[in-house]
Amino acid sequence: MHELILINARCGGDPELGRYAEFLRRKLADRAQVEMLELESCEDISAVPSSLIAQLMGQTITGLPVVVLDGKVLSSGPLPNWMDSFEMIRAAIESQVRTT
Amino acid sequence: MTVNAPVHDGASRLDTARLRKDFPCLQTDYIYLDSVASSLTPVSVVEAMNAYYFSYRANVHRGSYDASLMATDQYEAALAKVAGFIGADPEEIVFTSNATHAINLAALSLPIKTGDEIVLSTLEHTSNMAPWVLKALEVGAVVRWYNPGAEGLFDLDEFSKLINERTRIVALTYVSNVLGTVYPVESIADICADRGILYMVDGAQAVPHRRIDVHSLGCDFLAFSGHKMLGPTGIGVLYLKRQHAENLMPGIVGGGTINTEVECSCPSIDACGPNYVTFNALPDKWQAGTPPIAEAIGLGAAVDYLQAVGIDEVHNHTRSLAAYVAGELRAIPGIEVYGPRDVELLSSIVSFNLADVPPDEVGKMLNERYHIAVRTGAHCALSYFMGADAVVDVPGNVRASFYLYNTPEEAQRFVSAVGEIAAFFG
């Protein structure tokens, strides 16, 4: 089971990301555990577990939302439409499956 | 010099394949389904405005030189065409910057008093809501809201219950910009006329698509925009029944409205006021400042184009496409279509939502994956979508709209795209 984390913030993220996370949970039910972290502000990262922060250290993050698959940043900044972003996530999952 | 640019060959009946050549924006694979927000512009309209800018650029009226005389002739000709298009006399229309401005001008000009009542519907565009609400707040009038329900189906009996001896004006849309539902304007006009109530029609979504004769209709005021009917942006029209044009004090005044050739009888400059004003003859009385000359000439060319095609042909074509799309979308699981099922009550608009998917996301998918332009959101219909008394419990929807240049093939591609999106999320 993969771990997919969406990091969003009320200050500048995607206001519909919660609904997108719901969609991803349904669509990836048997392949990934989808979690969404909503920051109260762009400066307050207390909602992000320290273990995840440690994983993200050194990785490039350019904006919100951040999509993290198994500890690796898949994308940061505005997502494309839901279909395209889902295909991006699915391709990443399949890519990992093939290499493991 | 070609002043009245000829209507292009393609516009000689509703031969979509031919007339699409008149619209440079359509020379791509993109499908434009947002014409009720703003229609595309044919070459002849741009050429007509170019002729003004390149060949006889001058102000109208009171000019004694060739370019000004030519500009005046072309402006007056455009005014007559536009007035004729809605069955009005040229003295009964004033050019504004858009329909919103036109409605505001009407609201500013009407002597509504404390305790008077204004009737609106919950399906109004903000532009036919905010000016009246503001007016009511300013003078202490009361706004009464008629709710035609989620599909906008107008019940004349229910509407009549809102009318009383204090009702001063009824301001309603002709065609809903959200749902495409057509209001029974003739019947509403009869009700208002019988009781001496003024009737303002927001015709922004009707004039581009339907044959309208304001004298037969019997409304007191009608507003519409040029840019939704093949014309340029920056021009709208307010029709005022002649008696109102003659008797009301314009809510916006200035150069052009006041006759400066009549001797002023003010006893002193401190006493200057409306009692001493002599207004110009109609329609100049209402045309404050330099009018939108190029835009008026462009709108005149747009009227030429629509008349060459045939407004009834346009109406039948766009309603047919909308009815087809609405029917097909209703058959797709997960899609909820808003608006009437009765084709007679339908215009060129199809609004819908896909369960659990925000309308903006559907619009993004249609744009990015299928190259289809639609509009999403609340469509400026705040009282329909928003607030404690919202008519529907969704914050907005996806709206596709059709015009004379849209083809059945485009409608099919749109249905297919929505079907694919719905299947993906199903």
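Of the 426 residues in chain B, 50% are buried. The structure described here is a predicted model, with an ipTM of 0.86 and a pTM of 0.92. In chain B the mean pLDDT is 93, and 97% of the residues score at least 70. An exception is the segment of residues 1-12 of chain B, where pLDDT stays under 50. For this segment the model has 31 contacts beyond four places in sequence. Where pLDDT is low, predicted coordinates should not be read in detail.

**Overall form of chain B**

Chain B contains 14 helices and 13 strands. Its radius of gyration is 22 Å, close to the 22 Å given by the globule rule for 426 residues, so chain B is as compact as a globular protein of that length. Along the principal axes, the C-alpha atoms of chain B fill a box of roughly 80 × 55 × 35 Å. Among the contacts in chain B with a separation of 6 or more, 72% join residues 24 or more positions apart.

| Helix | Residues |
|---|---|
| α10(B) | 293-309 |
| α12(B) | 359-370 |

Helix α10(B) has 17 residues and reaches 25 Å from its first C-alpha to its last, close to the 24 Å expected at 1.5 Å a residue. This helix is mostly covered, with 15 of its 17 residues buried. Just after α10(B), Gly310(B) adopts a positive phi of about 105°.

Helix α12(B) holds Met365(B). Ile421(B) lies 56 residues away from Met365(B) along the chain, yet their C-alpha atoms are separated by 7.8 Å.

**The contact between the chains**

In total, 8 residues of chain A are in contact with 10 residues of chain B. On the side of chain A that touches chain B, the elements giving two or more residues are α1 (17-27) and α3 (82-99) of chain A. The most comes from α3(A), with 3 residues. By class, this side of chain A has 4 nonpolar, 1 polar and 3 charged residues.

Conventions
Residues are numbered from 1 along each chain as its sequence is written. Chains are lettered from A and ligands numbered from 1 in the order in which they are written. This is a predicted model: local features need pLDDT of at least 70, side-chain atom pairs count only at pLDDT 80 or more; totals for chains, interfaces and linings use all residues. Two residues are in contact if their C-beta atoms, placed from the backbone, lie within 7 Å. Helices (H or I, at least four residues) and strands (E, at least two) are DSSP runs, numbered from the N terminus. Ala, Val, Leu, Ile, Met, Phe, Trp, Tyr, Cys and Pro count as nonpolar, Asp, Glu, Lys and Arg as charged, and the others, Gly among them, as polar. pLDDT is the predictor's confidence in each residue, from 0 to 100. The expected span of a helix is 1.5 Å times one less than its number of residues. A residue is buried if 20 or more other C-beta atoms lie within 10 Å of its own, exposed if 12 or fewer, and partly exposed in between; C-beta atoms are placed from the backbone. The radius of gyration is taken over C-alpha atoms; the globule rule is 2.2 Å times the number of residues to the power 0.38.
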